[in-house]
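Hi,

Here is the model I said I would pass on. Could you look through it with the notes below beside you?

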Amino acid sequence: MELTESLDSLSFLKRMNRCWQDHCRQTIMIRSIFLFLDRTYVLQNSLLPSIWDTGLELFRTHIVSDGAVQKRTVDGILEQIELERTGETIDRSLLRSLLGMLSDLQVYKDCFEERFLIETNRLYAAEGQRLMQERDVPEYLHHVARRLEEENDRIMSYLDQSTQKPLITSIEKQLLGEHMTAMLQKGLSNLLDENRVTELTLLYQLFSKVKGGLPTLLQFWREYIKAFGGEIVCTPEKDKDMVQDLLDFKDKMDNVAQSCFARNESFINAMKEAFESFINKRPNKPAELIAKYVDSKLRAGNKEATEEELERILDKIMIIFRFIHGKDVFEAFYKKDLAKRLLVGKSASVDAEKSMLSKLKHECGAAFTSKLEGMFKDMELSKDIMIQFKQYMQNQSEPSYIELTVNILTMGYWPSYIPMEVHLPSEMVKLQEVFKLFYLGKHSGRKLQWQPTLGHAVLKAEFKEGKKELQVSLFQTLVLLMFNEGEEFSMEDIRAATGIEEGELKRTLQSLACGKARVLNKNPRGKEVEDGDRFNFNNDFKHKLFRIKINQIQMKETVEEQVSTTERIFQDRQYQIDAAVVRIMKMRKTLSHNLLVSELYNQLKFPVKPGDLKKRIESLIDRDYMERDKETPNQYHYVA
């Protein structure tokens, strides 16, 4: 014993190992000599231990059970493991042999494992606390993964298999379980912002090993999406890019869910819930902007996308569209833009238009798209009518030198346009009458109302440089035709002659005298048109093209236009609420206020406040569709 105490711990372990190896070799030799005795006499006598077991018992009793020897052995082993954990190289075969000895002697669990796990816990608890302060989250994640790999390697190399579960659990608890919330607060936003796919995958894999890890990650992921998306939707300065930002954000989150979160259903559903939650934080605006975004993609000017890319973009748009509660807002703005595309022939492709329509039909049902489909039908019917009208014109005694094309729009399908009375040249009025006669001859009982705001024309013009064709709106046409009659006109003259409303006229003159193609000269010069300005024909006008399109100055979709669309949506919603209340009351006859409101929420397809429902119910009571109960005012009766 004195000899062993003078040795350092590594030499002691080597001495101990040699002693154990000698003992095993000698026991095997004794067993070989007494093989017959061991195989026959001992086997027949169940109370007697075999020679090998007797040898183990002797070693256990006289050497390992000695307190000092056992303590130094276990201390030495733990010291070696700690050295290895701090990065030093140790003799693994020595540890494998000694731990095998403790296993064979059946003291591994009591002597070694308990202390080993306590030490491990202590080490990693301290390491976790320290590194969470010092390192950023990506570094820390890689460190945890490396630690787990090292410990698994230790189990393969020299620890007993039975230690694996408690050891790995202990590390996961100390390095991950104790710091989950802190880690996510500190680093999840950055990982997602910077799209760190490798670290996010690692984060998910590590958290899935810890109790409560995935639910915690799920919660933070949901909150991140709500916060980031809420910022996109609720920042009016970003409205211009809102839809593109939403699409990019959705793509990014989809990629994270697919690549990093193993397509986990809970994460995909949480993402959908979060999107639905933040996109409806700001009512109506996202729906309106999505409609305008689709318009920009379906317009003829959109050269950036092939048919397949366009189809892909529309599919992505539909995913965002699904999250929106007030789909009627989308419909109103989509309808207005679709009307413009169809009437000005600005649609990129009929196939893409039809494809979008079928997507909307599939998503919201036939009732949602019936008016939009009606608009397409009108355009097709108009083509057929024009073929018949041209034949009709050929048989007329006085052929007209103006070619007229008319689109006949069913009032209920199209957005409502404010009728505007303007003074048309007599040739145009005459031609309109001819068409009216032709059309009503075929469809008696119908009423035609002309919409000059939507008209456009091609004018032949002569300049010094030669002949040109001008593609212009009807208002621009009326202004230009005046210059056949005289050299110069004031703005008041033009207004009196054409009957165009002042704001509209100013924009028309601005497009002709202040735009890129200046076919009129303005006096005095300037960007804006003022009341006293005078205009004359610009004979020196030059342009490389033969046919020139002069765009009407687009009022950025005017605030009035937007307000009127929004008001129309509000009006439609009121009618829908009224209809739903009457429908429910007619069926139920008597109903309490709360039950009626909950039925309404089930039936209405758009978000509505309880206060608004109350107003509609009051209005129906005033109009005698229903009445309050005399005893219980919270109860309603249907009035037949």
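Let me start with a strand pair: Met626 stands opposite Tyr638 in E9. Strands here (E, at least two residues) and helices (H or I, at least four) are DSSP runs, numbered from the N terminus. Before going further, note that this is a predicted model, in which local features need pLDDT of at least 70 and side-chain atom pairs count only at pLDDT 80 or more, while totals for chains, interfaces and linings use all residues. Residues are numbered from 1 along each chain as its sequence is written, and side-chain values use heavy atoms, with hydrogens and water left out.

Back to E9. Strand E8 (residues 626-628) and E9 are joined by three bridges and run antiparallel; strands pair if DSSP finds at least two bridges between them. The link from E8 to E9 is a hairpin through six residues. Strand E9 (residues 635-638) also has three bridges to strand E7 (residues 590-592), again antiparallel. Within that pairing, Thr590 has His637 of E9 as its bridge partner.

There is also an open sheet of three strands, ordered E1-E2-E6, with mixed pairing. Strand E1 (456-463) and strand E6 (547-549) are its edges, each pairing on one side only. From one strand to the next the twist averages 25 degrees. Strand E2 (residues 466-473) runs parallel to E6, with three bridges between them, and Leu470 is partnered by Ile548 in E6. Helix H22 (residues 474-482) lies across E1 and E2, at about 135 degrees to E2. Axes are lines fitted to C-alpha atoms, for helices over the stretch in contact (heavy atoms within 4.5 Å), and angles run from 0 to 180 degrees between N-to-C directions.

Now the helices. H16 (residues 285-298) and H18 (residues 327-343) have axes that come within 8 Å and cross at roughly 25 degrees. H16 and H18 are therefore roughly parallel (under 35 degrees; over 145 is roughly antiparallel, 65 to 115 roughly perpendicular and the rest oblique). Residues meeting here include Ile290, Ala291 and Val294 of H16 and Phe330, Phe333 and Tyr334 of H18. The contact divides into nine nonpolar, no polar and five charged residues; Ala, Val, Leu, Ile, Met, Phe, Trp, Tyr, Cys and Pro count as nonpolar, Asp, Glu, Lys and Arg as charged, and the others, Gly among them, as polar.

H16 also meets helix H17 (residues 307-322), their axes coming within 11 Å and crossing at roughly 175 degrees, which makes H16 roughly antiparallel to H17. Among the contact residues are Ile290, Tyr293 and Leu298 of H16, and Leu310, Ile313 and Ile317 of H17. By class this contact has nine nonpolar, no polar and one charged residues.

How are helix H9 (residues 137-157) and helix H12 (residues 197-207) packed? Their axes are 10 Å apart at an angle of about 50 degrees, so H9 is oblique to H12. Leu141, His142 and Leu148 of H9 are among the contact residues, as are Glu199 and Leu203 of H12.

Last, the rings: the count comes to 28 aromatic pairs. Rings of Phe, Tyr and Trp (its six-membered ring) pair with centres within 6.5 Å; planes under 30 degrees apart are stacked, over 60 edge-to-face and the rest tilted. Phe330 and Tyr334 have ring centres 5.4 Å apart and planes at 15 degrees, so this pair is stacked. Both lie in H18, four residues apart, about one turn of the helix.

Cheers
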